[in-house]
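Dear colleague,

I am handing over the structure below for you to look at alongside these notes.

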Amino acid sequence: MEYARLGTSGIKVSRICLGMMSYGDPSYRAWQLDIDASRPIVRRAVESGVTFFDTADMYAVGRSEEITGELLAECFPHRDDYVLATKVYNPMGPGPNDRGLSRKHILAGIDASLRRLGTDHVDLYQIHRYDHETPIEETMEALHDVVRAGKARYIGASSMYAWQFAKAQHTADTHGWTRFVSMQNHYNLLYREEEREMNPLCLDQGVGVIPWSPLARGLLAGTRDRDRTGSTTRAANDPLVERWYADADFDIVDAVREVAGERGVSPAQVALAWLLSRPAVTAPIVGATKPAHLEDAVAAVDLTLTEEETTRLETPYRPRAVQGHS
């Protein structure tokens, strides 16, 4: 495993982040694993050198945070041995204040997350989306207060437009508040619109990019074919694939498969190796429900693609509408 600074911040993370959304409640999402099924995968990740773990309050309505906290406490002797990230924004109850990025919800959200995680702080507290109903000044000051209270070491953001992210950073700078150190955005070989504005902004500002859905909901791992046949539980129960991806994307999938075949590795390794080589990317967030998923992710860290292979992977791409901001 390799380790890198998260952007230009001082904290170092493993170059693979284990996404904990896959661990929660099978009755909530058919593809989620309960704690007993999750344990061996998380243990294997730790044995492989993974020290970066990402969850969110909304995943299985809090159950993912509970599992994350319990398993990491089992796997690491000391709290400072790993980097723990969670997120706030999405609904956690029926009330009008049980969601969003108001001061009320952020301060209540961090306390609830810490209780579920069984810790007194998270290393990275992220806003899950941009809140159009709350003034950005209110949000940034509340996040700053969370850091000043010692409940979070750093703050990060997730999918939004570059102008929104720049506005948030400018607001923090203007008032002397805590800035975002990371951007968790939708970015992979099938969705590269982030290369236009967000990734260059992050590179310029020293913000670490930690992409979600690095394998395009399994398409880049070969879990779906052109006829939409799914080979996994997640693939068969994911309506967003039909909304976000098109037949033309399989030209890129075919290129990934060809390069993987020539290298004697899995398509997932090739897709992740490409992402790890991109400017500004610190660590893709990888979901794993089988040991092989984790093994592919770890192996990708040591796979270096040639310029010719990279060109073959990138050439079929066509511009597309913005996805993942809501």
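Leu114 is buried, since its relative accessible area is 8%, where buried means under 20%, exposed over 50% and partly exposed in between, with a 1.4 Å probe and protein chains only. Please note that this is a predicted model, in which local features need pLDDT of at least 70 and side-chain atom pairs count only at pLDDT 80 or more, while totals for chains, interfaces and linings use all residues. Residues are numbered from 1 along each chain as its sequence is written, and side-chain values use heavy atoms, with hydrogens and water left out.

Leu114 belongs to helix α3 (residues 103-117); helices (H or I, at least four residues) and strands (E, at least two) are DSSP runs, numbered from the N terminus. Once neighbours within four places in sequence are set aside, Leu114 is in contact with Thr119, Asp120, His121, Val122 and Lys151, contact meaning heavy atoms within 4.5 Å. Ala152 is 38 residues away from Leu114 in sequence, and their C-alpha atoms are 9.8 Å apart in space.

The second residue to look at is His325, found in the segment after α12 (307-314), which counts as buried at 19% relative accessibility. A polar atom of the His325 side chain lies 3.4 Å from the backbone oxygen of Met160. Neighbours within four places in sequence again left aside, the residues in contact with His325 are Arg129, Ser159, Met160, Tyr161 and Glu194.

In helix α11 (residues 291-300), the buried residues include Leu294, Asp296, Ala297, Val298 and Ala300.

As for the whole, the protein chain has 12 helices and 10 strands, and 57% of its 326 residues count as buried. Its radius of gyration, taken over C-alpha atoms, is 19 Å, which agrees with the value near 20 Å that a compact globule of 326 residues would have, the globule rule being 2.2 Å times the number of residues to the power 0.38. The C-alpha trace spans about 55 × 40 × 35 Å along its principal axes. Of the contacts in the protein chain between residues at least 6 apart in sequence, 77% join residues at least 24 apart.

Terms used:
Polar contact = N/O pair within 3.5 Å; in protein donor to acceptor, adjacent residues only side chain to side chain.
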